[in-house]
Structures are given as C-alpha cells and as structure tokens.
Amino acid sequence: ANWMGGAWVEHVNKVDVEAKIEDVGMGMSFNHVTISSDEVPSCGEALVCVCGTSAGGGIIRLFDASSMKEIYQLSGHSAQVNACAFSQECDLLASCSDDCSLRLWKPPDYDNANRVVRGKGACLTVMRGSMHGYKFGHSEAVTQCDFTPDGVSLISASDDTTVKIWDHRTGQVRRTLVAHKAWLTCMAVSPFNGLLVSGSDDGAVRSWDIGVDPLPTDKTGVVRGEPIWVDAHHSAPLMCLAVSHDGRFGISADAEGSLKVWHFETLGAGFGSGALYAQTSIPRPALLARFDREAWRLWVVMDNNQLIILDLGSLSTNGQSVLHQKAIIATFPIPAAIGGAYVAVQPQAGNTCVLALGNGLVFHIKLHNAVHQELPPPSPKRIPRPGVISIAEDDDGTTDLEWEEFSGPLCVVLERRGGCDGRVAVEYLTHGTNDDDPDFSPLVGIAEWEDGDEEDKEVWVSMAKYNGVDW
C-alpha cells in the first residue's frame, strides 16, 4: 500500500503474483501487451494479448487474464508483431507488423470452466502492404492499430508517416491520412465518436474526423484526409495518447515528461491553442496513460516502473506546467522491469485497475480513500462542420460519373459512415455534361438519416432521352 495525502493503493492479488508467475517470455521477444476491455464472448474471460517475435516470425499469444495461463497462439505475420487491439465487443482481434500488413483474427472458443480450447482461432482478413502487391497499403512497418467505434473499420499508423483506415471485411483501404512529417509514434481513438488523434516523433499532434467522410472518394476508396486540428507545442517525441471514455478530452505525453490535457469540445473555435485544457510535467516520461472510467483521474505508467494516479482537477489550467504534489493521488511501484510498451493498463469500475506486463505479471489494484471528482460538465453543443458527399470514378481526378454504356437508370448509393449517432441530412444535385445522348434529367433532393438509422440511401438518376427516344 502507498499513501499520498490519505489515499492509498491496495495490491489485491499480491499473494497470487508472488506465488505463481507464468513464464510468458519463453522463446519470444515482446513488443506489445493489451487487455480486452471485457470478457471475450467465445472465451467467457477477459484475455491478455502479448505479441512480438519468435523463431518463426511474428507471434500473438493469448492468456486467461485471471490466471495468466496461456490458452492459444496465433501466427501468420512474417515479421515481428508490433501491436494488437481488441474490438469494443471483444469478439475480434487486430494485429500489425513489420511486414507492412495488418491481420484480423477470430479468437478461439475457450471453455474457461474446464480450461480447454473447444475451437480454433483463425485469421479472417489480411490487409496487405505495398510490398505484397497492394499499392494503396503501407510501404513501411505498421506500428499501431485500433478499431473504429462502430467496429466496421481498422485504423493503422505506420513508419511511412501515414494513417490508413481499412475495411477489414474486404482488406481494402478506405482513407489515407497524410499530415505528419515524422514517424508516427502513437494514436488514440474516441470510443463514442469519429475522433482520431495521432502523434509523431517531431512532437506534433493531429486530430482527425473519421466519423463522416466529407471528402471526395475515388473508386479505390482512397483520399488524402486533412486534420481538423493541428498542434506542435510538444518539444520532444510523443510517447502516448489517450481519449476519455466520453470522447470529450484527450491527453498527450512526450519524452521529456510534459503532459497536456486537451478539450476536444472547443476545437470548433479555431482548432488552435484554445483546445488546451491543462498541462503539467510528470517526474518521468509516460509509457502509457488511461483515463479513469468513473472519475476525473488519469492512470499513468512512467518509464521508471511506477504507476501514478493523477487528479486532473488539480492540474494547472493557466499555462503553468509545474506538477503540484496535491495532483498526485497515489503511486504504485511495479516490481518488474517493463521498458518499451510491454505493459497494458485497464482502469475499471469501482476505483480498480488491471495492469498486465509482458513477463506474465498481472496486477489487480484498488484505489482507496480518494476524493471522487466528477468530469467537467459538457460544453454547449457546437454546429457540426459542413460536409459534402461526392463521387469520383475517373482516373483523371474529376468528380464525373461516366455512363459507359446504356444500362437503364443509374442508382447512386449514399453510405453513412462512422456509426449511426445523431441526425444527418445531405443535399444532392445531379446533372449531365455529355454532349451526346443520353440526356440526364436533373435531380435535386435531400437524403436524411434519423438517429439510429444506418441504412444506405439510394438516389436514382433517370434519362430524358436515349438515342432520341423518350425514356
């Protein structure tokens, strides 16, 4: 137990950890650890995923989070696996690798009562890099991956300085985001809206709206996205990013120990420094940071094997960066050398948290006697940015849709991307530019989606004449 001003941390499973440590490291080099946010449906248990390199290439090892007994291995990457991520439903697992590819996996069917695997796990989709013949894929190592909130797409960050959004059902790229000038070191996705935050080795932070695609999309689904917000106030490489569970706040931490809290609701007012909510300096650089699920706190793992719990309400909001002692609620020394990103932190309900380390240690800890501070109230809702849906089928980059041969009326399908929250209305206008027949009938209308509606909308474009004959 560690006391800081009355609050203290209890090591709930200390006896279990000391009595039994699974040797996860046998024949494997670690690169990343992650914990499912809930139980995996096919396993009836939360899982810890450790990925890295083995003698045969990249490998992913799955462990029962309660006992840290290995239950399954997934292999298929030809080089080291850099990161893994569970979907929000915990029914899918994504991985990314130095082989420039991503893979989508189905976890095995695991009988947790009898500790027996009943069904095999499987690779469902491979999202290939340019070196494997897919010219729109990543050209260098893929270092980060995560799911979009709706679970339909995968997001990846690469050493080629791009972020890509994939349709994991087809393995095709939907969008390519290009704005960073240095290696991408971290990214975070809001769980409830279309906000993606990315950070790079030059200290730059970018924010992207990936919920509704307002940009022209060519027939391959690729666009060069533009960030809705840019900040370069960090003077050192970014180490980690996180987004709060309600999607309203984010944090960024760099290699010099600087930590900034961002208020994303203010991004509509200029996308500039007005979004900076608070900032401070922590004793050591942060390897990982996560927002508390219930209170206005931050759980931070530093590179000196210490977990600190910060009261975000005590951080400076006037531009000062000094960390006041009252901002540190409690500390917890992690009795293992971690290094790199070989640790996962999962704050849970009831002031509890789970830490999983690449060497097989799992810590269940509980925070006692801490003041419960609520999150800041929401800001007044701002008018969303206007968007345009357009179609581009031509290789010359125009937005004309050519009707190559007569096939009757043309159906254009409008797809709502990024979930089904809120109401959306899109105005459309069709017109023809062909000197020859057929002559398109102009069409003006509005496609509307109510809250919860995610069905595609069809727009039928008819012709006035075809070869001089009324249609």
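His-180 lies in the loop between β16 and β17 (184-189); strands here are DSSP runs of E with at least two residues, numbered from the N terminus. The model is predicted: local features require pLDDT of at least 70 and side-chain atom pairs count only at pLDDT 80 or more, whereas totals for chains, interfaces and linings use all residues. Residues are numbered from 1 along each chain as its sequence is written, and side-chain values use heavy atoms, with hydrogens and water left out.

With a relative accessible area of 6%, His-180 is buried (under 20% relative accessible area, 1.4 Å probe, protein chains only). The side chain of His-180 makes polar contacts with the side chains of Ser-198, at 2.7 Å, and Ser-200, at 3.0 Å. A polar contact is a pair of N or O atoms within 3.5 Å; within protein, one atom must be able to donate a hydrogen and the other to accept it, and residues adjacent in sequence count only if both atoms are side-chain atoms. Leaving aside residues up to four places away in sequence, His-180 touches Thr-161, Ser-198, Gly-199, Ser-200, Ala-204 and Arg-206, where contact means heavy atoms within 4.5 Å.

## Strand β15 and its two hairpins

Thr-161 belongs to the turn of the hairpin formed by β14 and β15, which has 3 residues between the strands; the phi of Thr-161 is positive, about 70 degrees. Strand β14 (residues 153-158) runs antiparallel to β15 and is joined to it by 5 bridges; two strands pair if DSSP finds at least two bridges between them. Leu-154 has Trp-166 in β15 as its bridge partner.

On the other hairpin, 4 residues separate β15 and β16, and Gly-171 in the turn has a positive phi of about 80 degrees. Here 6 bridges join β15 to the antiparallel strand β16 (residues 172-178), with Val-163 bridged to Leu-177 in β16.

In a regular strand the side chains alternate between the two faces of the sheet. In β15 (residues 162-167), 6 of the 6 residues are buried: Thr-162, Lys-164 and Trp-166 on one side, and Val-163, Ile-165 and Asp-167 on the other.

Strand β28 (residues 306-311) pairs with β29 in the antiparallel sense over 5 bridges. Within this pairing, Leu-310 has Ile-328 in β29 as its bridge partner.

Conventions:
Buried < 20%, exposed > 50% of the residue type's maximum accessible area, 1.4 Å probe, protein only.
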